[in-house]
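Good morning, and thank you for coming.

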Amino acid sequence: MRKIPALVVTVGLLASLTACATTPAPGSAGCPPTGDAASVVTATGAFGEKPDAQVPSPIVTTETQVSTLIEGTGDRILDGTPVIIDYTLYDGTTGAEVEDSGYDGSLNAPITVGGTALAPLASALECSRVGSRVAVAIKASELSASVNGGAGATDDAPDAAYVAIVDIRQSFLAKANGRPVLGAQGMPAVVRAPDGAPGVTVPASAAPTSPESHLVLDGSGRELAADDTAVVQFTAVTWASPSTVATSSWTDGGSATSLPLADEQIPAPIRDALVGTPIGSQVMVVVPADETAGVPQPLVYVFDVLGAL
């Protein structure tokens with residue numbers, strides 16, 4: 001398996017039922033299940049530092065299972081939430097370490113709960129809190145398939161497992177949550193699905209010949225700085241009749257992505273529009289056709305600004 005990208009005691013029946021009803025957590029209804037495959041794993045060491053783990057072997061599983069080793073106090077992870085993690089991965093058959101993230105802050109590519117990138121690991125984090133350390137037992141074939149684009153290892157035993165110990169360092173918004181801003185005359189109209197994915201209606205008029213931007217939702221978070229790496233979801237459609245979707249993180253894997261705003265490979269109109277935009281905003285950017293810049297036709301981008309690194 002190739003490396004994960006830089007780019008995972010009751011106190012009474014009444015009290016137990018109340019806790020499950022008000023505070024979803026792994027093992028609760030609608031959350032990833034717990035089970036022996038994950039709960040037999042233990043680890044010592046501080047959150048954010050590489051753990052000293054004990055992984056009994058062999059560990060097998062028919063499903064992804066989660067066990068909480070350190071309970072965090074941060075935001076609850078929901079479906080659609082992008083997160084930054086540190087991890088150590090173990091072979092469940094032997095208990096041997098396979099790889100780790102380095103625990104040096106260099107792993108800053110978010111994975112998104114419900115997205116296809118590292119899907120079984122990302123989905124296992126739902127219902128946990130930021131600041132938590134969790135042990136995750138994952139079918140080896142499913143994790144391999146999520147890394148290798150759907151091609152799982154053919155020689156895996158059916159129930160062979162990987163075990164990941166994951167520290168959930170940071171989370172971001174699942175979608176823009178700002179207040180609506182009145183639309184601008186002559187600009188495309190934007191609607192949103194419940195999960196936040198935008199739909200864009202392009203007017204019949206000709207596209208602008210110079211870059212334009214417009215705030216669709218005005219967020220209340222801090223403003224993006226020029227040296228930030230923005231965490232976004234985005235859709236780009238052609239300004240044409242009929243308009244077509246050129247690319248979309250919402251549908252191309254469903255995962256948030258990071259944009260280093262100081263990177264000059266990102267088109268200047270996009271960088272200019274995002275710098276100074278508050279987190280939680282949704283911003284529309286019209287990029288005119290520019291053959292020299294590799295933009296053969298006018299494009300309309302809609303960015304949900306979910307956070308910053």
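First, a word on the source. This is a predicted model, in which local features need pLDDT of at least 70 and side-chain atom pairs count only at pLDDT 80 or more, while totals for chains, interfaces and linings use all residues. Residues are numbered from 1 along each chain as its sequence is written, and side-chain values use heavy atoms, with hydrogens and water left out.

Let me begin with the charged side chains. Side chains of opposite charge can pair when their charged atoms come close. By a salt bridge I mean a side-chain nitrogen of Lys or Arg within 4 Å of a carboxyl oxygen of Asp or Glu. How many salt bridges does the structure hold? The count is seven.

One of them joins the side chains of Asp100 and Lys50, at 2.8 Å from N to O. Asp100 lies in strand β5 (residues 97–100) and Lys50 in the loop between β1 (42–44) and β2 (52–54), so this pair ties together parts that are 50 residues apart in sequence. Helices (H or I, at least four residues) and strands (E, at least two) are DSSP runs, numbered from the N terminus. Lys50 is partly exposed, with a relative accessible area of 39%. On this scale buried means under 20% relative accessible area, exposed over 50%, and partly exposed in between, with a 1.4 Å probe and protein chains only.

A second salt bridge is formed by the side chains of Arg133 and Asp167, at 2.6 Å from N to O. This pair links distant parts of the chain, with Arg133 in strand β7 and Asp167 in strand β8, 34 residues apart. Is Arg133 buried or exposed? Arg133 is buried, its relative accessible area being 0%. Asp167 is buried as well, with a value of 1%.

A further salt bridge is that of Arg192 with Asp304, whose closest N and O atoms are 3.7 Å apart. Here too distant parts of the chain are linked: Arg192 is in strand β10 (residues 189–192) and Asp304 in strand β17 (residues 299–308), 112 residues apart. Arg192 is partly exposed at 35% relative accessible area, whereas Asp304 is buried at 0%. Salt bridges that share partners also join Lys50, Glu97 and Asp100 into one network.

I turn now to Lys139, in strand β7 (residues 133–139). Lys139 is buried yet has no salt bridge.

Next comes helix α4 (residues 140–147), which is mostly covered, with six of its eight residues buried. The buried residues are Ala140, Leu143, Ser144, Ala145, Ser146 and Val147. What covers them includes β4 (82–91), α3 (119–123), β7 and β8 (161–171).

As for the pocket, the residues lining the largest one include Asp79, Lys175, Asp195, Gln233 and Trp250. The lining divides into four nonpolar, five polar and three charged residues. Here Ala, Val, Leu, Ile, Met, Phe, Trp, Tyr, Cys and Pro count as nonpolar, Asp, Glu, Lys and Arg as charged, and the others, Gly among them, as polar. A pocket is an open set of points on a 1 Å grid over the protein atoms alone, where a 1.4 Å probe fits, with protein on both sides within 12 Å along at least five of seven lines; lining residues have an atom within 4 Å of a point.

Finally, the backbone. Most residues other than glycine have a negative phi, and most peptide bonds are trans. The peptide bond from Ser57 to Pro58 is cis, with omega near 0 degrees, and Pro58 is in the loop between β2 and β3 (65–70). The bond from Ser241 to Pro242 is cis too, with omega near 5 degrees. Tyr103, which is not a glycine, has a positive phi of about 55 degrees. Tyr103 is buried, with a relative accessible area of 14%. Cys127 also has a positive phi, near 85 degrees, and lies in the loop between α3 and β7.

How values were computed. Lys, Arg positive; Asp, Glu negative; His and termini not counted. Contact = heavy atoms within 4.5 Å.
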